[in-house]
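Here's a quick briefing on how some chains in this model meet, and on what surrounds a ligand. Have a look at the structure first, then work through the points below.

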Amino acid sequence: MTRYLLRRVWYMLITLFIIATFSFFLMKILPGSPLQAEDKLTEEQKEIILEKYGLNDPIPVQYAKYLGGLVKGDLGVSFKFDNTPVTTILFDRIGPSALLGFQALVIGSILGILLGLMASIFRNSPIDFSSTIIAVIGTSIPSFVFAGLLQYVFAVKLGWFPVALWGTPAHTILPTIALAIHPMATAARFTRTEMVEVLHSNYIITARAKGVAESGIILKHGLRNALIPLITVLGPMAVGLMTGSMVIEQIFAIPGIGEQFVTSVMVNDYPTIMGTTLLFAFGFIVIILIIDLLYGLIDPRIRLAGGK
Amino acid sequence: MDKNNLKNIPKDLFVPLVRKEDTSEKISAPSRTFFQDAKRTLFSNKPAVFSMILILFIIIMSIVGPWMNNYGSDEQDLKRAKMPPRVPAFENVSWLGMNGTLSGTFQGKDVQQASAKAKARFDNKEEFIDLEVINKGDGTRNSAEVKATYRIYEAKDMKDTYFWFGSDALGRDQWTRLWEGTRVSLIIAFVAALLDLVIGVSYGGISAFYGGRVDNIMQRIAEILVGIPNLVIILLMMLVLKPGIISIVIALSITGWIGMSRIVRGEVLKLKNQEFVLASRTLGTSNGTIIRKHLVPNISGIIIINTMFSVPGAIFFEAFLSFIGLGIVPPDASLGSLIDLGFDNLRLYPYMLVFPAIVISVLMIAFNIVGDGLRDAFDPKMHK
Amino acid sequence: MSKLLEVKDLKVSFNTYNGEVHAVRGVTFDLNKGETLAIVGESGSGKSVTSNAIMRLLPEPHGFIKEGQILLEGVDLAKKTSKEMQKIRGKDISMVFQDPMSSLNPTMKIGYQIMEGLMKHQNMSKTEARKTALELLTLVGIPRPDVRINQYPHQFSGGMRQRVVVAIALACNPKILIADEPTTALDVTIQAQILELMKSIQQKTDSAIIFITHDLGVVANVADRVAVMYAGKIVEIGTVDDIFYNPKHPYTWGLIGSMPTLDSSDEELFAIPGSPPNMLTPPVGDAFAPRNHFALEIDTVMEPPMFKVSDTHYAATWLLHPDAPKIEPPAAVKHRMQGFAQTGTKGGGKR
Ligand SMILES: Nc1ncnc2c1ncn2[C@@H]1O[C@H](COP(=O)(O)OP(=O)(O)OP(=O)(O)O)[C@@H](O)[C@H]1O
Ligand SMILES: [Mg+2]
């Protein structure tokens, strides 16, 4: 198990290194520099600024410094936003993003599992039918379309919730719903398919032959086996949430990482863009690792096989 | 059956049966090929058929739509900016919101104050504003409510002008831009899906077919690419490339093919060792023939399904990138950039968001339903 | 001997997209205390459907009992609600399935899977149930039960798993144990062990066994009586001796004739040509007629009733009608019948 973990962490570091290197050299070929905004500077002033950002060093030296900084968690200094260190910018904004993502994931998957479970129990009933429709719509329609609809109807027209911004729990409701729809639909669909398959498997018949009550069949024997594979879609779900958070935060003007990214793109603030990208990559990779480990912990077949 | 009955059976029936023809081996149903079977299943799936018709309709509209009126997609004219939708046939159907009027409810402490607000909102052109008092109010704040309808086309002296889907903030015709944008989104989606298909199938196919060292090296490379989240790669690529159709296609295709290649590799590996392929190998059939005769027919189902699902994926990513300012940028239109502009005007001119949002939603749903339908049709497990 | 189970004119159908599949079309048999009844017949003849119907484990609602009675000690199971059946399954009747690899819950400990029935039917506490489970594991011959009880199915081999399934089925001392091809998925040596196990357990517990198989060789070893099924009906039923020494139905001849024997090199196998009828549209007359070398004209007109051969032996073929021509079993079959006689049905039946 430890060996497996070490190997996984090692691979993770390699991937991060590749991404970091890739984005560093991308940054070098991109036209943006801290000078753009301050065109009317004298040569000396420019020199001072370039010196300050370390942009006068030869590229290999810059690269080494950049990597050294990364190890210490230093993502460089923003070209804009008062030259704040990128790490500080991101650190200040991680709270709202994490809260939204967490709420959406929890609410979405719980509702989705319930919906899928109901659909699989009452197969071919109106419940099943409507849950299928919800699942198709929820997986198909982009979250920003939902966000627009929610914002217009419940905030602009009905005024039940704040239109945008951040602060109170009420501010989180609409963006959470908009973000949660996709995971909910995915979970509903997945749970239904898995449940239907599991309920047809031989060990369910064995359980029935033992006289286990229907509730026990569904919850003890069925759901557990159906939900274990659901862990595998948590990864794509998390990816979807990160993608979604960029647009949702933008639409609801939430001071999170995603909104920061979009703003940075608009003003060509490359250090921040790269820092955010790296953070996203780090987030993805860590989540995938956690999911794999979780899978091993929960499924006895993998757990006891020594985590291969 | 009682004993009496048994006694009464005519004796001549107790003679050995003379068989006219051997019926026991007759095949009861005409055998259909796998593809015919799949086609039949697909076409009996009503939602899938309906979705295919919808997709076809949207494709046709994206081609002919812009020619159906005389506006160009980039004809700016600020005088006619933000005009609401107006369609000749629907002019008397106010609930559809396509009769060329703007409306809103306004509140004040009395009717007068509310009306004043309405007039201020609608360019102070009193003669073109119809007021309808909803609530007289009792003098307290915002107790009075007035519904105002503003005949903006008349006010702007454009009685004979019809913007079917309204005009945007720069006075461009939304109908024209919507269908041109749809065309751009569809082109991106189809080209990206096609590239995924070509690259993925060749990569996975070659890797599996040759096996050994080749397979090993190719899989190592794919593994590294898989480790990097595709959102990150797409975002980085979009930063480097100039925004535009080609860039989006390239960014999507850099990682998009991996899923396809894995599936194809898996299927080919599975098939490669199956008896009928081994048999024709032993008979000296060439690789090319084996690929054409055995592998292609057997894996085309799964390839078609996968491609069908990568189309909506690409549509989504185009919209996403354009929305965050990394994709198609105005004046070019795409569903994503139109939606982005729509959000800027959501409060007062929701129609700017509604139409592109509907088209993208319908497209995504329809492609997913067709994809599901194909999966059901091609999945042999489902042919019960 | 008293009748434990009486199945009377059982008809089971499935509603499918193509129409109603008449899987079981009127099956009648009974089962005495402590006896072993084997049901044989080729694939698709309705053996599993019959046993699933007795357990009321049909995939309701599309699979259903259309007609007939299943009397367990005089009480009709076909009329029980599914709640009531939960109290009977696992307690009065239990079942062992064909595929041990998939018939255990992969994410539940072996011990709990055995304890589940005990806690439900015998109101045992967890500790009591655990103790009994350990005893059961020992009974079915699993070494180191104290370790094994906390393991998961994937840590067991196929034969071991089938032992566990047997333990689960025996947990509550059922009156009837239905074994649906319990050894088909296992290799030969393991098969023999499982059969041995079931025999020895039956002697200890005195439960009746319905043993489903298409392997006649196994039947001779374990059964007291044999029912031969074809196309959803029992075509011949009798004691092991009746069926092996004196088979009357041409289909039984076919089954016996297609059994490989040690000295079968010099003689042809008497195989059954063709394939079973489509149960969507069961044929008129005798369903076996199209594949029967000895079919009579009447077979195409009327279904044969059960003719009595002896008190224990019945067969449904017109060949037994007094007016029918006298037809002897084919040589290959006769040869085998003699073989059985010499070896005394391999000692089966009269244990
Ligand atoms: N769920 C079902 N739906 C439709 N038809 C079914 C179903 N289950 C069984 N049948 C049909 O019932 C008939 C009898 O099947 P059954 O499983 O009892 O055969 P069997 O004698 O047990 O064969 P085997 O030796 O292969 O187990 C078959 O024709 C089969 O097609
Ligand atoms: Mg069976």
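Start with one pair: the side chains of Arg189(A) and Asp372(B) meet in a salt bridge, 2.5 Å from N to O. (A salt bridge here is a side-chain nitrogen of Lys or Arg within 4 Å of a carboxyl oxygen of Asp or Glu.) Keep in mind that this is a predicted model, where local features need pLDDT of at least 70 and side-chain atom pairs count only at pLDDT 80 or more, while totals for chains, interfaces and linings use all residues. Residues are numbered from 1 along each chain as its sequence is written, chains are lettered from A and ligands numbered from 1 in the order in which they are written, and side-chain values use heavy atoms, with hydrogens and water left out.

**Where chain B meets chain A**

- Across this interface the rule finds 1 salt bridge, and there are 2 residue pairs in polar contact, both residues at pLDDT 80 or more. (A polar contact is a pair of N or O atoms within 3.5 Å; within protein, one must be able to donate a hydrogen and the other to accept it, and residues adjacent in sequence count only if both atoms are side-chain atoms.)
- On the chain B side, the elements giving two or more residues are helix 7 (212–227), helix 8 (230–240), helix 11 (287–323), helix 12 (335–344) and helix 13 (351–378). (Helices, H or I with at least four residues, and strands, E with at least two, are DSSP runs numbered from the N terminus.)
- Helix 13 of chain B brings the largest share of that side, 10 residues.
- (Ala, Val, Leu, Ile, Met, Phe, Trp, Tyr, Cys and Pro count as nonpolar, Asp, Glu, Lys and Arg as charged, and the others, Gly among them, as polar.)
- The contact, meaning heavy atoms within 4.5 Å, takes in 33 residues from chain B and 39 residues from chain A.
- Together the two chains bury about 3100 Å², 84% of it on carbon and sulfur atoms. (Buried area is the accessible area, with a 1.4 Å probe, that two parts lose on being put together, summed over both.)

**Salt bridges overall**

- Over all chains, the count comes to 19 salt bridges.
- Arg189(A) sits in helix 7 (residues 169–199) of chain A and Asp372(B) in helix 13 of chain B, so this pair joins two chains.

**Where chain B meets chain C**

- Here 13 residues from chain B and 22 residues from chain C take part in the contact.
- Chains B and C bury about 1600 Å² between them, with 65% of it on carbon and sulfur atoms.
- The count of salt bridges between them is 0.

**Around ligand 1**

- Of the 16 residues around ligand 1 (a heavy atom within 4 Å), Ser43(C), Gly44(C), Ser48(C), Val49(C) and Glu181(C) come nearest.
- Which atom of Gly44(C) is 2.8 Å from an oxygen atom of ligand 1? A polar backbone atom.
- Ser48(C) has a polar side-chain atom 2.6 Å from an oxygen atom of ligand 1.
- For Glu181(C), a polar side-chain atom lies 2.8 Å from an oxygen atom of the ligand.
- Helix 1 of chain C gives the largest share of the shell, 3 residues.
- The shell divides into 5 nonpolar, 8 polar and 3 charged residues.
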